[in-house]
Amino acid sequence: MATAAEYGLGPNPFPRGWFVVAESSELDQGPMAVRFWGRDLALYRGESGKPVMLDAYCAHMGTHLTGATSAMIVKNGEQIEGDSIRCPYHGWRYNDKGDVDDIPYHDGPCPKSASIRSYPVVDSLGAVLAWFDPDGGEPEYDAPSLAETDDPQWVMGPLDHLGELDIHPQEILDNMADMAHLGPTHGAPSQYFENEFRDHIYIQRQGGPMQLYGGAWLYTTTWYTGPGILRSKQVWDNNEIYELIFNTPIDDGRVKCWHGVIYKSANAEATEADIEIQKGYQAGALEAFAADFNVWASKRPALKIMQLKSDGPFKHGRKWYSQFHAEQDCVAPIREELNGKVGTLGMRSAEEAGHAIDEGLAI
Ligand code: FES
Ligand SMILES: [Fe+2]
């Protein structure tokens, strides 16, 4: 395990962006105590359905708002009122902005200094996404989404919860530039490979024969929107899926990951049989991704990569990732330096290979 500073990232130890903090269906079961970006957080769904995330600890006496679940107010199902939550200890009520607006045993105005931080949160991609900015800034771009998640022809199953890894997310992001691992790790050596940077978006286009699909050619366009949300359009034979990989920092050098697949069925409205096909594809995609995961779980940190000329553009990718740890005024120069396509020595571009499959993609 290594920290952001050890990778030369900073000054912020945690990156700014949209991140997954839970699966949507998980939050439907009730309030959750979670930890991301080195802080404890209270996550709940208001009665309107709106997801809300607040810093965890009540200003009164430091109770974790969603951590003390045996309090009677929780057992009675009275903790959530509208989109507000009551602290389980003495019942102070926090609204979705993090301000205390009611104290059950107190007549005067509620103390303004009792306010705690509230984070922008939305449901998207089957998950609850939160915007994190170390400086508390508002979201700089919309939360990533896909229209296909609401299309009856497409099937999405539950997310795979991959748990926590003692690895810095930088190493997960390195995958985007990593042409040479696709053969040995995934049994799918690239026949063409390119990367493109567009401000907060990092794209990879590649394709080649995939051992797990019986040697059928797999064409992929994969992109990160910010540091935590990967979407990947993948096409082989007559099949089309989106693979989703989410990573969210827990502490500096520790990360939580989720995985999902959305499958385009052959029917205008997906059938029971399509649901089974989706499960098979998600399991297959997970098997492929698990090979990366397995490497990450056992490797030592690559604080510097011994980058060969014929490796993919790791250094560009790391520079791109550094924008999310940088002060705001350093972001634009990084983007200006990187924006555009980068090839990998010995590899054709997607265009040269005639497989730019991201036509019409909402990248
Ligand atoms: S500790 Fe939260 S209301 Fe007292
Ligand atoms: Fe990989």
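In the residue classes used here, Ala, Val, Leu, Ile, Met, Phe, Trp, Tyr, Cys and Pro count as nonpolar, Asp, Glu, Lys and Arg as charged, and the others, Gly among them, as polar. The model is predicted, and local features need pLDDT of at least 70, while side-chain atom pairs count only at pLDDT 80 or more. Residues are numbered from 1 along each chain as its sequence is written, and ligands are numbered from 1 in the order in which they are written.

N175 lies in the loop between α3 (169–173) and α4 (182–186), whereas H186 belongs to helix α4, 11 residues apart, helices being DSSP runs of H or I with at least four residues, numbered from the N terminus. Both N175 and H186 are buried, that is, under 20% relative accessible area with a 1.4 Å probe and protein chains only.

Turning to the second largest pocket, 13 residues line it, and Y7, L303, K304, I305 and R318 are the closest to its centre. Its lining divides into 5 nonpolar, 4 polar and 4 charged residues, and helix α6 (residues 314–322) gives the most, with 4 residues.

Key:
Heavy atoms only, no water. 1 Å grid on protein atoms, 1.4 Å probe; cavity = no way out; pocket = protein on both sides within 12 Å on 5 of 7 lines; lining within 4 Å. Helix = DSSP H or I, 4+ residues; strand = E, 2+ residues; numbered from the N terminus. Buried < 20%, exposed > 50% of the residue type's maximum accessible area, 1.4 Å probe, protein only.
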